[in-house]
Amino acid sequence: PATPPPPHVVVVGAGWAGWAAAKALTANDCRVTLLDALPDPTGETPYLTPSGKPFEAGQRGFWKDYPNLEDLLRELGIAEADVWTDFTRSQFWGPEGLEATAPVFGAADLPELPSPFGQVNGILRESVMRLPLQDRVTLAGLLYAYLDVTRDEATFEEYDRMTAHDLFIKMGLSKRLVDDFVRPTLLVGLFKPPEEISAAVALELLYFFCLAHQTSFDVRWMRTGTVAGSLIQPLASRVASGGNLEVQGRCRVQQVLLDDQGERVTGIQYTNADGAMQVLEADACVLALGVRGLQGVVAQSPALAKRCPEVAAASGLGGIDVMAVRLWLDRYVPTDAPSNVFGRLEGLRGAGGTFFMLDQLQPDQAALWGGAEPQGSVLACDFYNASALLGLSNEDVVQLLMRELLPTAIPEFSSANVVDSFVQRYAGTVTWFAPGSYRKRPPLQTSVPNLMCAGDLVRMGDREHGSKGLCQERAYVSGLEAANALARNGSLGACTAQHPVIPVRADEPQVVLARSMNKRVMEALKPLGLASPWAR
């Protein structure tokens, strides 16, 4: 008998989740068509400013516990030192100047201790956090809250209905600790202030990035080029080399098509780069989209909305406004750390803000200047929860940075001049993990067997990974797991291979023991109505 053709899977979205799904599917002998609105989803064509300088929206960090992305580099033959910096310090700035310095917790001068003792040893050093001791120790309240939130899914949903702000009050965190350290961390980690974020998601993020291990907060950045050019492009090239991948840019998905019974995806309707309406027949589909993209597809897919209420629920998720700014200066401005966070500054208008000294992170100065003669520092400045800033003109945004925000942290910025600048606005593009949003987030496996969702906003169920929040590792892993789920449930026929997924470091023994003890106590108290009095 003739060999049947390989199953055809359409992957919608060319971020980390989409490319991970394409990688796992092509390795499993599937034929993949990847659709995205970007002109070149492969990263081959660099995104340049009008003056020809490189630009990428948002400066993205690579934290200590990113094992699958580290494994990807090994697979691609890329040395980590060629594309990533060493782990760097980060500094937090407020109206009075420096508020805190996050050290490299894995540095030789900090002995590695069990969590949370290693972190406490770091933050108790006066050079690390300029807060009174009585404020710092109140951070311990978060440790117990995390032990409790992971007790079971029902408990997680109780915390999800609460704001992080309310939880911090109930757990005894001091106002100054929240204002000077926790609030800025959440604004640049989840892009919203504590009073607008789910307590459960805030706890997940703070644990994964700060509390799981002493070195959890250690982070590095791109040393060479951009994420798209230095990481996505070689991944795309490797996936395409097998001959089972077609990539189409400038595409807009109009509708997910189901069979007459609404039981299976049969195809994808979309407009191609020429604006012509096309239909791709498909044996399966992975929707690897952000919140706005997913909402747009659901709004135009009535059969999908009817059959998959768990996907249609994503229409209730909110989006967060962000702004990305790149500055090229006429002189080099020295700073103590290349990674910096703004907090509580009036000019932010409620936004979170960061600035990165790209000239300190990336040694190829000529590349930062688009081949022109380097003149000075190059900064990537990002604003999150930036609704009140989006209406400013580009000139006003640059002046806000150069005259007010940057000099508050480093006075030497006031003597520098802007040679070139570029401002980009992204309205409602980032997922808002608001209180009560957990059930609105799409699941990895939908109620249509051959339709999967992927991305860092996805609930992964029993395939849940230790990476949390708005996280490149989580997005990448979700794409691998989406492909694996299609293989497991028979949607790909004889193609049943599973792509390996590496777990993050296991919770430390003292955390596991404390969580187990808390669960036993709370289960005993539940019949008396005394379990979790701070969560409902």
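**Pockets, sheets and a buried loop residue**

By class, 16 nonpolar, eight polar and 16 charged residues make up the lining of the second largest pocket. Ala, Val, Leu, Ile, Met, Phe, Trp, Tyr, Cys and Pro count as nonpolar, Asp, Glu, Lys and Arg as charged, and the others, Gly among them, as polar. The model is predicted, with local features requiring pLDDT of at least 70 and side-chain atom pairs pLDDT 80 or more, whereas totals for chains, interfaces and linings use all residues. Residues are numbered from 1 along each chain as its sequence is written, and side-chain values use heavy atoms, with hydrogens and water left out.

The second largest pocket holds about 790 Å³ of space. Its lining comprises 40 residues. Nearest the pocket centre lie E204, E464, H465, G466 and K468. Four helices, α6 (140-149), α7 (153-160), α10 (199-211) and α18, each supply at least two lining residues. Helix α10 provides the largest share of this lining, with four residues. Helices (H or I, at least four residues) and strands (E, at least two) are DSSP runs, numbered from the N terminus. A pocket is an open set of points on a 1 Å grid over the protein atoms alone, with protein on both sides within 12 Å along at least five of seven lines; a cavity is a set where a 1.4 Å probe fits but cannot get out, and lining residues have an atom within 4 Å of a point.

One cavity of 30 Å³ or more is present. Volumes are the space filled by probe spheres set on grid points, which are joined across faces, edges and corners. The lining of the largest cavity consists of K23, N68, D71, L72, E75, Y476, L480, H499 and P500. Helix α2 gives the most, with four residues. By class, the cavity lining has four nonpolar, two polar and three charged residues.

Seven strands form an open sheet with mixed pairing, in the order β5-β4-β13-β14-β15-β12-β16. Strands β5 and β16 (418-432) are at the edges with a single partner strand each, so one side of each is left without a neighbour in the sheet. Neighbouring strands are turned by 20° against each other on average, direction ignored. Pairing requires at least two DSSP bridges between two strands.

Within this sheet, strand β4 (residues 90-94) is mostly covered, and five of its five residues are buried. Buried means under 20% relative accessible area, exposed over 50%, and partly exposed in between (1.4 Å probe, protein chains only). S90, F92 and G94 point one way from β4. Q91 and W93 point the other way. Antiparallel pairing links β4 to β5 (residues 97-102) over five bridges. Q91 has T101 of β5 as its bridge partner. A hairpin connects the two strands, β4 and β5, through two residues. Strand β4 also runs parallel to β13 (residues 339-342), joined by four bridges. Here S90 is partnered by S339.

Helix α17 (residues 394-409) lies across β4, β5, β12 (318-329), β13, β14 (352-357), β15 (378-384) and β16. Helix α17 runs at about 75° to β12. Axes are lines fitted to C-alpha atoms, for helices over the stretch in contact, and angles run from 0 to 180 degrees between N-to-C directions.

T85 sits in the loop between α3 (80-83) and β4. Its relative accessibility is 9%, so T85 counts as buried. Leaving aside residues up to four places away in sequence, T85 touches R220, W221, M222, R223 and L361. Contact means heavy atoms within 4.5 Å.

A further open sheet has three strands in the order β8-β9-β10, with antiparallel pairing. Strands β8 (252-258) and β10 (277-281) stand at the edges, each with a single partner strand, so one side of each lacks a neighbour in the sheet. The twist from one strand to the next averages 20°. Strand β9 (residues 265-271) and β10 run antiparallel and are joined by five bridges. Y270 stands opposite Q278 in β10.
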